[in-house]
Amino acid sequence: MARILLVPGRSAASPDHWQSRWAAANPDYQWVPRPSGPLFDLELRVAALHRAITAARTPVVLVAHSAGCITTVVWASRHAGPVRGALLVAPPYIDPEWRPGPDDPDEPAIDVPRTALPFPAIVVASRTDPYAEFEESRDYALDWGAQLIDAGDAGHLHSAAGYGPWPAGEQLLKNLL
């Protein structure tokens, strides 16, 4: 049996968010700790994910939302571990040409890996996500060797878009398991 690790996005999930609901309904699901410090420090996030994965005595399945998807694929490009699969929900698109400017000196440049993941993965993408066009998410899925699920008009697949209860997501996770 695999252990479920929830990889949070940039900010904490609200109590109504599907990840929070899954965690509340499944006490054996574990959150990857959000490091203290800047809102999204990729290096700290990848290190926290690595600690959580390597602490496992059993294989894990990663369930990531938004920036947590980026954390997951960066981890996979640098490390190996007992990961059985990943559900990557609403990965934000990061333009490979973007670099921090004078107005955002605390924002690091992030190079999103575009190579196949070493484990099965599902990318769930919305056609109305404000952080990624569907085609960008499709390209991520192709590059990562992941199955693409078209969520339709689903915004960023978070509680503000109506994704508190998300039975279709629970079925996707079961498919990975």
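User: Why does R78 count as partly exposed?

Analyst: R78 has 43% relative accessibility, so R78 falls in the partly exposed class, which lies between buried (under 20% relative accessible area) and exposed (over 50%), with a 1.4 Å probe and protein chains only. This is a predicted model, in which local features need pLDDT of at least 70 and side-chain atom pairs count only at pLDDT 80 or more, while totals for chains, interfaces and linings use all residues. Residues are numbered from 1 along each chain as its sequence is written, and side-chain values use heavy atoms, with hydrogens and water left out.

User: What makes the contact of R78 with E43 a salt bridge?

Analyst: The closest N and O atoms of R78 and E43 are 2.8 Å apart; a salt bridge needs a side-chain nitrogen of Lys or Arg within 4 Å of a carboxyl oxygen of Asp or Glu. R78 lies in helix α3 and E43 in helix α2, so the pair ties together parts that are 35 residues apart in sequence. E43 is also partly exposed, at 45% relative accessible area.

User: Why is α2 called roughly perpendicular to α3?

Analyst: Helix α2 (residues 42-54) and helix α3 (residues 67-78) pack at an angle of about 70°, with their axes 9 Å apart. That makes the two helices roughly perpendicular, because angles under 35 degrees count as roughly parallel, over 145 as roughly antiparallel, 65 to 115 as roughly perpendicular and the rest as oblique.

User: What makes D150 and R127 a salt bridge?

Analyst: Their side chains meet at 2.8 Å, N to O, and the limit is 4 Å.

Conventions:
Axes fitted to C-alpha atoms, helices over the stretch in contact; angles between N-to-C directions. Helix = DSSP H or I, 4+ residues; strand = E, 2+ residues; numbered from the N terminus.
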